[in-house]
Amino acid sequence: MAEKELLFTPIKIGTRTAKNRIVLNAMECCDALDNGDPSPATYKRYEDYYKGQAGLVILEAITPQYDYIARRNQLSIKEHNLPALKKFIAHLKEINPDTLIFFQITHSGEISNNVYSQRIRVTEEPLPGYEDSKLVREEEIEQVIKDYVLGSEYAYEVGADGVDLKLCHGYLGSQILRPFNKDNWKYGGSWENRRQFAIDIYDRTRAAIPDENFVLGSKISIYEGFPGGVGTAGPDTALMDLTESIDLVKQLEAHGASYILQSAGSPSHTLDLAHPDRRTPDYAYMHFYFQKVCRDALKPETAVIGSAYSIYRDGKQPFCAVKPEKNNLRFWGNKNIKEGIVDAIAIGRQAFADPYLPKKMMEGNEKDIHWCTLCDHCVEFLIRQHHVGCATYDPHFTDEYVKMIKEEGKLKAKHT
């Protein structure tokens with residue numbers, strides 16, 4: 001029976017217990033109100049997630065500041081947002097008290113949008129493509145750390161079960177961790193300097209929130225896949241070397257992380273590595289290796305959540321040399337948990353296509369699941385700062401996508 005499968009067994013994340021091992025990744029949707037509060041559209045998405053009975057939901061990149069943001073209609077966690085966020089979390093818990101929710105605290109760094117905020121960098125030499133960024137150093141980064149800590153305190157106050165201190169996907173955390181951050185300054189140059197940024201955030205956050213029932217963890221791009229990116233052997237090579245990434249997850253664990261949410265790539269630079277699509281499905285297999293690297297590096301009680309599972313669907317996708325029944329989401333989730341590769345699996349785009357997937361899988365109703373078609377229209381919405389949803393299964397977003405293409409033309413390049 002489905003309920004006996006490893007995917008549908010409880011998992012401890014810190015002192016909290018998720019009822020199953022399906023996690024919904026933080027997926028930005030550009031649908032907050034102008035003041036950063038959850039909108040009716042935000043409510044609808046998360047109501048569906050909670051009715052869908054995932055074990056854990058990660059609230060999408062929520063900003064504790066407005067100067068450096070990537071999305072115009074981005075959720076924010078400032079003092080004025082607290083009443084709305086308290087109401088939001090209380091409402092979700094009324095729908096389903098068992099599903100955990102962590103807030104992903106973010107700072108957009110070099111991928112901040114210069115139209116309505118400020119793009120910044122931490123290196124004298126800008127990363128190619130980001131020449132319009134402003135160089136920042138200790139003073140600005142000190143404020144970033146304070147913002148992370150305050151945002152985490154607010155998350156605790158409004159009723160979140162924990163936070164994801166974001167260190168992935170080209171945002172500021174990964175920008176500082178990269179070997180490309182080669183200048184000698186407080187958080188640059190040596191690996192010891194670069195990792196200290198994350199350590200300082202963890203230490204200060206735990207000091208500000210001593211309640212061990214409030215979970216700390218991070219989504220991390222283990223390997224970004226471009227020269228000088230996280231997980232490379234130096235500032236000018238793309239050669240994979242996970243020495244620093246392995247040390248990072250160990251350091252975070254030592255400083256209070258109860259989970260690591262594994263990812264790879266950067267949607268602004270290496271989109272297909274971050275979430276493989278039908279052109280490059282085999283990139284998804286690489287994520288298994290990254291998950292195993294994390295699992296082997298950490299204590300058994302530290303949960304490892306793996307990404308890039310949406311593409312496996314029901315086995316009907318463009319992989320070669322495999323049988324569909326041994327290459328679907330259910331198969332790989334159970335197999336990788338059983339073999340100690342990962343403790344839980346995370347889905348992203350698939351949650352847009354069908355937020356009820358966990359419930360349907362638990363009940364054995366795969367035939368009723370709306371499987372993600374890997375069309376990437378949701379990514380196109382995000383890139384163009386439109387409200388994000390599934391253009392395949394939601395008629396509203398189908399109409400919005402057609403309208404967007406008519407008015408703006410086809411997208412020339414997919415980089416967030």
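These legends go with close-up views of a predicted model.

**View 1**

**View 1. Strands 10 and 11 form a hairpin.**
This view shows strand 10 (residues 232-234) and strand 11 (residues 237-240), which run antiparallel and are joined by 2 bridges. Between the two strands of the hairpin lie 2 residues. To find your place, look for Gly 234, which stands opposite Thr 237 in strand 11.

**View 2. The largest cavity has a volume of about 470 Å³.**
The structure holds 6 cavities of 30 Å³ or more, and this view shows the largest, with its volume of about 470 Å³. It is lined by 34 residues, and those closest to its centre are Ala 26, Met 27, His 169, Pro 267 and His 275. Strand 4 (56-62), strand 14 (344-347), helix 10 (349-353) and helix 12 (377-383) each give two or more residues to this lining. Which element gives the most to the lining of the largest cavity? That is helix 12, with 3 residues. Sorted by class, the lining of the largest cavity has 18 nonpolar, 10 polar and 6 charged residues.

**View 3. Cysteines line the second largest cavity.**
The second largest cavity has a volume of about 90 Å³. Among the 13 residues that line the second largest cavity, Arg 349, Cys 372, Cys 375, Cys 378 and Cys 390 are the closest to its centre. Helix 10 gives the most to this lining, with 3 residues. By class, the lining of the second largest cavity divides into 8 nonpolar, 3 polar and 2 charged residues.

**View 4. The largest pocket has a volume of about 510 Å³.**
Of the 24 residues that line the largest pocket, the closest to its centre are Arg 45, Gly 389, Cys 390, Asp 394 and Phe 397. Helix 1 (40-51), helix 10 and helix 13 (395-408) each give two or more residues to the lining of this pocket. The most come from helix 1, with 5 residues. The lining of the largest pocket counts 11 nonpolar, 5 polar and 8 charged residues.

**View 5. The second largest pocket holds about 220 Å³ of space.**
Residues that line the second largest pocket include Ala 70, Arg 71, Ile 111, Tyr 130, Ser 268, His 415 and Thr 416. How many residues of each class are found in the lining of the second largest pocket? There are 4 nonpolar, 6 polar and 2 charged.

Terms used
Residues are numbered from 1 along each chain as its sequence is written. This is a predicted model: local features need pLDDT of at least 70, side-chain atom pairs count only at pLDDT 80 or more; totals for chains, interfaces and linings use all residues. Side-chain values use heavy atoms; hydrogens and water are left out. Two strands pair if DSSP finds at least two bridges between them. Helices (H or I, at least four residues) and strands (E, at least two) are DSSP runs, numbered from the N terminus. On a 1 Å grid over the protein atoms alone, a cavity is a set of points where a 1.4 Å probe fits but cannot get out, and a pocket is an open set with protein on both sides within 12 Å along at least five of seven lines; lining residues have an atom within 4 Å of a point. Grid points are joined across faces, edges and corners, and a volume is the space filled by probe spheres set on the points. Ala, Val, Leu, Ile, Met, Phe, Trp, Tyr, Cys and Pro count as nonpolar, Asp, Glu, Lys and Arg as charged, and the others, Gly among them, as polar.
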